[in-house]
Amino acid sequence: VLYLEQLILKHRVHLSALKVKETSEGLYFFFAQKQEARKLVDFLQTVVPCRYKTSQELVSHDIHSNTFQYKHTFSVELVPVCKNEVVCLPLSLARSLGHMTQVVICTRVTTSLHLTDPQSLQALLNFQSYTAMRQEMVLEK
């Protein structure tokens with residue numbers, strides 16, 4: 001997470017944010033324009049494995065001029081695996097990655113997870129594979 005924070009600062013993606021709020025669930029970025037929030041989501045997709053959902057809520061409606069004001073929300077879910085963490089894969093996922101052992105080490109996090117099997121070297125795990133198996137994975141720091 002610290003590395004991601006450094007990337008956000010380095011690429012100055014945070015400058016258009018009106019406010020950044022930290023909670024137990026993560027960070028909330030507030031933007032004046034939908035396009036500015038979209039730029040942050042696009043940036044996150046280029047540097048870490050993630051997925052996002054969008055939603056909009058009607059804030060106000062003027063019936064005379066037929067204009068609508070919406071509040072847009074982008075919810076981004078990041079993979080909660082960091083470099084040098086031990087991950088226990090479900091058996092079905094380990095087999096689908098080339099019959100790896102179930103206990104692997106995350107050696108790198110880019111747009112994919114780079115998992116190293118101590119016996120057979122390396123395999124990649126994309127976000128779709130991770131989300132399909134995330135309930136069964138065990139993470140150790």
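This is a predicted model: local features need pLDDT of at least 70, side-chain atom pairs count only at pLDDT 80 or more; totals for chains, interfaces and linings use all residues.

Student: How many helices and strands are in the chain?
Tutor: Four helices and nine strands. These are DSSP runs numbered from the N terminus: helices are H or I with at least four residues, strands are E with at least two. The order along the sequence is α-β-β-α-β-β-β-α-β-β-β-α-β.

Student: What share of the residues count as buried?
Tutor: 28% of the 141 residues. Buried means under 20% relative accessible area, exposed over 50%, partly exposed in between, with a 1.4 Å probe and protein chains only.

Student: Which residues have the most contacts inside the largest nonpolar core?
Tutor: Leu 4, Phe 43, Leu 44 and Val 47, in a core of 15 residues. Helix 1 (2-10) and helix 2 (34-47) each supply at least two of the core's residues. Helix 2 gives the most, with six. There is also a second, separate core of 12 residues, which includes Ala 94, Met 100, Cys 106 and Leu 113. A nonpolar core here is a set of buried Ala, Val, Leu, Ile, Met, Phe, Trp, Tyr and Cys residues joined through side-chain atoms within 4.5 Å.

Student: What is Val 47 in contact with, leaving aside neighbours within four places in sequence?
Tutor: Leu 4, Leu 7, Val 109, Thr 110 and Thr 111. Contact means heavy atoms within 4.5 Å.

Student: Now helix 1. Which of its residues are buried?
Tutor: Leu 4, Leu 7 and Ile 8. They span an arc of only 100° around the axis, so they sit on the same side of helix 1. That arc is taken from the directions from the helix axis to the C-beta atoms.

Student: And what does the face turned away from the buried side carry?
Tutor: Exposed residues: Leu 2, Tyr 3, Leu 9 and Lys 10. The cover over the buried residues of helix 1 includes strand 2 (26-31), helix 2 and strand 4 (67-78).

Student: At what angle do helix 1 and helix 2 pack?
Tutor: About 130°, with their axes 11 Å apart. Axes are lines fitted to C-alpha atoms, for helices over the stretch in contact, and angles run from 0 to 180 degrees between N-to-C directions. The two helices are therefore oblique to each other. Under 35 degrees counts as roughly parallel, over 145 as roughly antiparallel, 65 to 115 as roughly perpendicular, and the rest as oblique.

Student: Which residues meet there?
Tutor: Leu 4, Leu 7 and Ile 8 from helix 1 meet Phe 43, Leu 44 and Val 47 from helix 2.

Student: Switching topic. Where is Phe 68?
Tutor: Phe 68 lies in strand 4. Its relative accessible area is 40%, which means partly exposed. Leaving aside neighbours within four places in sequence, Phe 68 is in contact with Leu 58, Ser 60 and His 61.

Student: Last one: where is Gln 102 found?
Tutor: In the loop between helix 3 (91-96) and strand 6 (103-109). Gln 102 and Leu 91 are 11 residues apart in sequence and 6.3 Å apart in space, C-alpha to C-alpha.

Conventions: Residues are numbered from 1 along each chain as its sequence is written. Side-chain values use heavy atoms; hydrogens and water are left out.
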